[in-house]
Every structure is written in structure tokens, then in C-alpha cells.
Amino acid sequence: MRLETAGQRLKDYVLSADDGTLMRHAFHALLAAAAVFVVIDWHEISSASPDIPAFDPMMPNAPPVLPPALTEGKPQGAPVEVKTDPALLKKAIRFDLQPGGVLLAQGTIEVGAAARFQTEIETRGEYVKTVSLDSPGGSVGDALAISKLIRERKIATSVAGGALCVSSCPIVMAGGIVRTADKDAVLGVHQVFNGTKEKLSPELAMSEAQRTTADVTRHLDEMGIKPGLWIHAMETPPDRLYYLSPDEMKEFALVAPPAAVAKKAK
């Protein structure tokens, strides 16, 4: 009897819910399932190659490890040449104020980068109008914190031609009140994985993957980014990158004019 009642309630809810609500529930269910497959992928990858990190430098407590920004495989390397010296990208992210109120953020987002970025903004934030990104990614916790501060201070974000913004870097980009990517800018996403050599238990790995997925999904939604971007990330193994085409950057609202961002913020 209770099962019948519960079933009827579920049926009534589905019939009465609007399409938007049902789509959100379906998307959240998809992400939960994707998190489980992340753990499965992690076990397969780590078993096949012990040199690949266990879980992603996007994880908040992992040390900075350069994500595979220019991997071979699917897709076959970056769609265009990355002009930045790889040695610079491997270093901890640096913040260099340039003419026109542009703050160049170049390098790996190491654990603690958000605190350094906050100090930079507090010191000369009134001069900063745009954060120009050139980064292979890194700590997801720091990327989220930087992105939130960028939105709070109403700063724009951009990626110059020949520059790189992959792994957790697009999370930072999402915070911009205006988001632009020049021709030949290289943007990409992939699954999260631990930057440490420590092998996490399946239970802990699954818990961390789901928590990180929830944190990133919530933030991207609040920033006005379409869910397709994070779905591509969840589908792409951590030793690969899904490179975004200019059309996809627009489709997922990763690049967006002021009006689009303002509309989402209301």
C-alpha cells in the first residue's frame, strides 16, 4: 500500500512539474551517474598507468600538478598552437598588471593561489578591469574562489589568441561579467583527478568526486554557464582534454556579452 502511495505521489509530481524542473532533475541525476563513472575511469586509468595522478589538481587539497594541457589522443592535441612557453605554464600562477587595466594571470593555479589573487585585487583592484587568463588549470578550490571574487568585483575575463585556459581555468573564466576569447584562444575541459600520488579508497574517491561535481556545477549555473560544458568535462578522461570550438564557447555561454551575464544575475 505504501509503495502504491509513493508511486502515485511520484506520478502526480512528474505530471504537475514544469519542463524546466524536470530538466534540472534529469541533469542532476546525470551528473550523479557521471561522478560514479569518474571513479570507474580513475581505477582503470590508474591501473593502466601508475604515472598518471589519481584524482585532479582541481581537488582543493591536492598539490599543484600541471594538468595534461597538450595531450595526444582524442582530440589529437590542441586545435591551434599554444604560444606560451610551457615552462611558464608549469610555474605557479603570476599576476601582472598591464596597460588598460588588464591583469595577466599566467601559470598553474596552485593551492593558495586564491589568497594571492585576493591580495593582488585588494592592493590595486581599482585598476583591474579585465583578468586575462593563460593557465593549464590547477586547484579547483582556488579556481572557484578566484572566480567568485572576479564576479563580486565585477571584473571581465578574457583569453588572448595563442593563450591557454583549460582544466579548472574555465571555472575562473566563468566569473567574468563579460567573457571573451580571441581567435586562436585554446580552451578545454576534462574530468577532475587528484594531484597526489596517493591512491584514494573507492569510497573516498566517489565522495570527493561527487562533492567536487556539486560545487562546480552549482557555481557554473550561478555564473550563467550552460550545463553542456561540465557534461563534456565529465565525459573526458583526466589524461585528455575536450577542446571547445568557438561555436561551443558561445553555445555554453563561456563567452558572453554584458547583457547575457546581467540577465542571469537577476
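How many salt bridges does the structure hold? The structure holds four, a salt bridge being a side-chain nitrogen of Lys or Arg within 4 Å of a carboxyl oxygen of Asp or Glu. This is a predicted model, in which local features need pLDDT of at least 70 and side-chain atom pairs count only at pLDDT 80 or more, while totals for chains, interfaces and linings use all residues. Residues are numbered from 1 along each chain as its sequence is written, and side-chain values use heavy atoms, with hydrogens and water left out.

**The sheet**

- Five strands make up an open sheet of mixed pairing, in the order 1-2-3-4-6; strands (E, at least two residues) and helices (H or I, at least four) are DSSP runs numbered from the N terminus, and two strands pair if DSSP finds at least two bridges between them.
- Strand 1 and strand 6 (179–181) stand at the edges with a single partner strand each, so one side of each is left without a neighbour in the sheet.
- From one strand to the next, the twist averages 20 degrees, where axes are lines fitted to C-alpha atoms (for helices over the stretch in contact) and angles run from 0 to 180 degrees between N-to-C directions.
- Strand 1 (residues 94–98) and strand 2 (residues 102–106) run antiparallel and are joined by five bridges, with L103 in strand 2 as the bridge partner of L97.
- These two strands, strand 1 and strand 2, form a hairpin with three residues between them, and G100 in the turn has a positive phi of about 80 degrees.
- Strand 3 (residues 130–134) pairs with strand 4 (residues 156–159) in the parallel sense over three bridges, and A156 in strand 4 is the bridge partner of T130.

**Helix 4 and its two sides**

- Helix 4 (residues 113–124) packs on the sheet, touching strand 1, strand 2 and strand 3, and its direction makes about 25 degrees with that of strand 1; contact means heavy atoms within 4.5 Å.
- The twelve residues of helix 4 reach 17 Å from first C-alpha to last, close to the 16 Å expected at 1.5 Å a residue, the expected span being 1.5 Å times one less than the number of residues.
- In helix 4, A113, A114, F117, E120 and I121 are buried, where buried means under 20% relative accessible area, exposed over 50%, and partly exposed in between (1.4 Å probe, protein chains only).
- They cover an arc of only 120 degrees around the axis, which puts them on the same side of helix 4; the arc is that of the directions from the helix axis to the C-beta atoms.
- The buried residues of helix 4 pack against strand 1, strand 2, strand 3 and helix 5, whereas E122 and T123 are exposed on the other side.

**Charged pairs**

- E120 forms a salt bridge with R124, their closest N and O atoms being 2.4 Å apart; both lie in helix 4, four residues apart, about one turn of the helix.

**Buried positions in other helices**

- S147 is found in helix 5 (residues 140–152) and is buried, with a relative accessible area of 0%.
- Leaving aside neighbours within four places in sequence, S147 is in contact with I171, V172, A174, G175 and H219.
- Helix 8 (residues 228–235) is mostly covered, six of its eight residues being buried.
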